[in-house]
Amino acid sequence: MLGGHRVVIAHDYLTQRGGAERVALDLLRAFPGARLVTSCWYPEGTYPEFQKYDIETLWIDKVGPLRRDPRRSFPFLARAFERHTITDADVVIASSSGWAHRVSTDAPKVVYCHNPARWLYQPREYFPTMPAWMRTRFIQRTANLRHSDGVAARGAAAYLVNSGAVAQRVRSTYGIDPVVLPPARGLSPDGPRTPLFGVEPGYLLTISRPRAYKHTETICEAVSKMPGERLVVVGGAGPRRDEPGVTHLSGLSDAQMRWLYANAAGLVAVASEDFGLTPVEAQSFGVPAVVLRNGGYLDSMVENVTGVFVEDSTPEQIAGGIRALRARTWDRDALRQSGERYSPTAFARRIQDVVSEVLDPTYVVPMPAPARLSRIRLDRIDSAELSPEELTA
């Protein structure tokens, strides 16, 4: 509730532990009494804190294989949300990476966009191993989905994004000029810390889901070739035989994660992230990071204050960034102060202000620019020249 107003939160799916799920939790905390609508909820795969809240699922949740891996349900998610109508809300907040903003309601809709659906608008990145001919066929067959996606996005009363990088994509994809509202850092340094047996402090840390674009294997390759260096990998792909100095962990509690952050010498994060929570979380523990000079890290990184940039995700660049990080003396208080920019309190205050503004009877919904639709030249689908707006055709 917000001043007596009914708030409903819509989120794509609750099946994993990631930044988007952290945001969904922070939205629930910012609006006590709100319920969450999602396509499917797999409690074993996501944060246990969701069990404290009122969760409503769509029909997809009844199909076991889809609930455990919602990527299998991509052909159905758009229609599932469109056919689900929320009637008992004064405002709907959609935490969306491509689906939740399609939910039907007569209430004003505030969209918090983590990124326009990556698999629709960035197929080269999302499907890196897909043959070019198959990707061409895929883009042809998803034209209607891109059109309806744009219609849903432009129907929002307010459109928020997590970083300047995503704001640029939203402008070129939808013709919307969004408001940048960074998420909370997710894991707070306040709280219990549980040591991990056999892990000695002073290691490097990397945290990610097992996705190719996270470059976890490349980080492991770089560190394994650096004598005396140690790396702890949380999530990501499983261990390989030729990874000296690398420890793989998964399924950790928040208390164990706090201990890992607090005892790390540095974090390594070299994916092209929409926002990228882990360096911000590291900052709040006073830990510097090696990050890619791209995406959301351009917003959150203060060069040589909170960490160092690398120019690409090659093993050589990563190793160079690690050496630069090790060579500096870091001001831990300055790092923690930077991390406070992303506290849950700051996020809650900002999102509450946006919702209050939308609910004001004098609020005027900003009109997006006309959608820029163009025909895709199929011979350029596999070309780096292809721009996001061309994919909206």
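The model is predicted, local features need pLDDT of at least 70, side-chain atom pairs count only at pLDDT 80 or more, and totals for chains, interfaces and linings use all residues. Residues are numbered from 1 along each chain as its sequence is written, and side-chain values use heavy atoms, with hydrogens and water left out.

Two packed helices are described by the angle between their axes and the distance between the axes. For α9 (residues 216–224) and α13 (residues 315–327), the axes come within 8 Å and cross at roughly 60 degrees. Axes here are lines fitted to C-alpha atoms, for helices over the stretch in contact, and angles run from 0 to 180 degrees between N-to-C directions. The angle makes α9 oblique to α13; under 35 degrees counts as roughly parallel, over 145 as roughly antiparallel, 65 to 115 as roughly perpendicular, and the rest as oblique. On the α9 side, T218, I219, E221, A222 and V223 meet P315, I318, A319 and I322 of α13, where contact means heavy atoms within 4.5 Å. These residues divide into seven nonpolar, one polar and one charged (Ala, Val, Leu, Ile, Met, Phe, Trp, Tyr, Cys and Pro are nonpolar, Asp, Glu, Lys and Arg charged, and the others, Gly among them, polar).

A second pair is α11 (residues 277–284) with α14 (residues 332–339), whose axes come within 6 Å and cross at roughly 130 degrees. This crossing is left-handed. V280, Q283 and S284 of α11 make the contact with L335, R336, S338 and G339 of α14. Here the division is two nonpolar, four polar and one charged.

How many of the residues of helix α8 are buried? Eight of the 11 are, so α8 (residues 164–174) is largely enclosed by the rest of the structure; buried means under 20% relative accessible area, exposed over 50%, and partly exposed in between, with a 1.4 Å probe and protein chains only. Among the buried residues are R169 and Y174. Their cover includes α7 (143–154) and β8 (158–161). Just after α8, G175 takes a positive phi of about 75 degrees.

Now the whole chain. It has 15 helices and 15 strands, which are DSSP runs (H or I, at least four residues, for helices; E, at least two, for strands) numbered from the N terminus. Buried residues make up 57% of its 393 residues.

Terms used. A crossing is left-handed if the near helix is turned anticlockwise from the far one by less than a right angle, and right-handed if clockwise.
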